[in-house]
Amino acid sequence: MSMTLSPPPPRSLPLFPDLRAFLAHAEARGDLARIGAPVSLRHEMTAVQLAALRRQGPILRFDAHDGPTLPVIGNLFGTRDRVAAGLGLLPDQIPAFGELLASLRSPTPPRGMRDAWSRWPMLRAALSARPTILRNAPVQGDGLPGLDALPVQTPWPGDGGPLITWPVVLTRPQGSEDLGDYNLGVYRAQVLGPDRLILRWLAHRGGAAHHRTWMRAGQPMPVAIALGADPALLLAAALPLPETVSELGFSGVLRGQRTELVAARTVPLMVPARAEIVVEGWVHPGETAPEGPFGDHTGYYNAVEPFPVMRVSAITCRRDPLYLSTVTGRPPDEPSVIGEVFNDLALPVIRAQIPEVRDLWLPPAACSYRMAVVRIDKRYPGQARRVMMALWGMLPQFSYTKIVVVVDGDMDIRNWDDIAWALATRMDPARDVMVIDRTPMDYLDFASPLEGLAGKIGLDATTKIGTETARDWGQVMALDPAHAARAEALLAGIMA
Ligand SMILES: Cc1cc2nc3c(=O)[nH]c(=O)nc-3n(C[C@H](O)[C@H](O)[C@H](O)COP(=O)(O)O)c2cc1C
C-alpha cells in the first residue's frame, strides 16, 4: 500500500472535550432543538427521534418527558456532518482520515511509513500519549441513588423493559491494570431494577473477551459504564478499531486532546472524567439473566437470550447531568448513519487488499453489512467473481455480507436505479450468479437455515468481456454533454 498521507489541516472545528461542548457548538449553529412539549419515554420518544433523523434534523433535547427530571439528548449523530464533526473532521476530510486508519491497520509499516508518521507528529504523539489522570473530575461532582433516577427509554412496543442505548462500557482483562489493555464498546444494557442491569456484549466483542478472563479466574469483574461521554470517546468506542489500537488513546487523536480519566469510586477502574454519568459495578462469575426482547438494527425483535448481569455499586454524575439516548431499529437509525461514515473510512483498507475495487457501498437499508455493492474497473474475464471471493475470504468484516453485487466503473453504486439497470441489462441469472452454501453468518439472521451458517450470493452485473460472452455487447447510449447542458438551460427558462 502506498502512503499518501498529507499533513493534517489545522483543526477548523473547536475542541469538544465533553458532550456539553459539542451540544453548545451544535446549538450555536441552529443544529440543536429543545423540546418543551411532553413526550413519553415509552415508544413516543422513539417516534420523535426517528422522525427527526429522517428529515436530517437537529440534535434533540427533551426537557419535559415523563421520566426522572434529567434532560434526554437524542439524535446526536443523526446526520453525516455531525458524525464527521464528532470525529473532529469536516465531511470532505473523511477520505484522508480513512487513509490514516488504513495505515494503523497495516500489519507491517509500509515503505514511507516513517515519513508519513513524521508528517503527522500531532497524531503520533496523541496515539502514544497516555490519558491524563485527574484527581477531581466533573463526573464525580454529584451522584444518583439508582438506575431508577435515569430517564431510560423503552424504545419499541415489544421491548422487554427499559434499555440504556448509548452506554460506553469500560472493561479490562483480569490481571492487567494497564490503560492500554482497556476495552471500550457500546453494548446495550437492559435495566432490571435500581441496582441491576444486563450487559449485552456479543461473544466476539472486546467486553466479552475480557469477561472470559475473569470467569476463568473465578473472580468478579469490575465494569464501568460512561453515559453521555464526549463525541470522540463515543465514536472511538463504536468504531471497530484494530485490537492493537487503544480506544482511550485513539479518542485522544479524534478529540485533539488527551483523554482525561479519574479513578472510579467503588471499582478498580479509571473512568472518563468528563462524561455526564458513570455507572460503576461488578459482574459476578456465571450470573446471567434473560435479556430482551428488544428491537434491533435489523428491524426485528431479537430473541431472548442470557447475558451477564452487572450489580451497580455507585452512580456518579456531573452537576445537572444530561442523559444521552438513541434508538436502534430498521435503518435508517442513528447507528446506520454512523455506520455509513465508518464504511467510507474503511474504503482505503479494502482497496489496499483488493486494488481493483474502485468504490464500495454497504446500503444502510440492508442493515449496513448484509449487502455490498462494488464498483470495479474490469480488465479480464472472471474478475467480478474474484472480487466477490476476495471480499468474503480476505476481509473478516464481509463474513456476514450475504449479497455482493459487482458493477462497472460507469455506475453510481449509491444509486439504486443504477444498480437495478446494471442487474437488468448486464447480468444473466444462469451465468452470472454465484451461490455458495454453508458459510459463516450472523446468528441474528433468522432467514439462515442454520444458526450461524448460511448461503451467499454474488451477482456479476458487469459488462461481459472476452470468453465471458460469445455475443456482441450493447453500446451505452449517451448524448453530447453540451446538448444536455443546453437542454437544462432551455428548460430552466421555460419551467422557472
Ligand atoms: C448505538 C449502538 C448500539 C450497539 N449495541 C450493541 C450491542 O448491544 N451489543 C454489541 O455487541 N454491540 C453493539 N454495538 C456495536 C459495538 O459497539 C461496536 O461494534 C464496537 O466496535 C464494539 O467494540 P469492541 O470491538 O471493542 O467490542 C452497538 C453500537 C452502537 C453505535
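A residue counts here as buried if 20 or more other C-beta atoms lie within 10 Å of its own, as exposed if 12 or fewer do, and as partly exposed in between, with C-beta atoms placed from the backbone. The structure is a predicted model, in which local features need pLDDT of at least 70 and side-chain atom pairs count only at pLDDT 80 or more, while totals for chains, interfaces and linings use all residues. Residues are numbered from 1 along each chain as its sequence is written.

Confidence comes first. The protein chain has an average pLDDT (the predictor's confidence in each residue, from 0 to 100) of 92, and 93% of the residues score at least 70. Helices and strands are DSSP runs (H or I over at least four residues for helices, E over at least two for strands), numbered from the N terminus. Residues 1-7 do so with 19 contacts beyond four places in sequence, a contact being two C-beta atoms, placed from the backbone, within 7 Å. For residues 107-114, also under 50, the model has five such contacts.

Two non-glycine residues show positive phi. Q56 has a phi of about 55 degrees and lies in the loop between α2 (44-54) and β2 (59-62); it counts as exposed because it has 12 C-beta neighbours inside 10 Å. N75, with phi near 60 degrees, is placed in the loop between β3 (72-74) and α3 (80-86). Its 26 other C-beta atoms within 10 Å are why N75 is buried.

Cis peptide bonds turn up too. One runs from G292 to P293, with omega near -5 degrees, and P293 is found in the loop between β15 (288-291) and β16 (305-317). Another joins P331 and P332 at an omega of about 0 degrees; P332 belongs to the loop between β17 (323-324) and α10 (334-353).

That leaves the ligand. Its shell holds 20 residues, the closest being G185, V186, L202, R205 and G206; a residue is near a molecule if its C-beta atom, placed from the backbone, lies within 6 Å of it. At least two shell residues come from each of β8 (183-186), α7 (206-217) and α10, and β8 gives the most, with three. By class, the shell has 10 nonpolar, seven polar and three charged residues, where Ala, Val, Leu, Ile, Met, Phe, Trp, Tyr, Cys and Pro count as nonpolar, Asp, Glu, Lys and Arg as charged, and the others, Gly among them, as polar.
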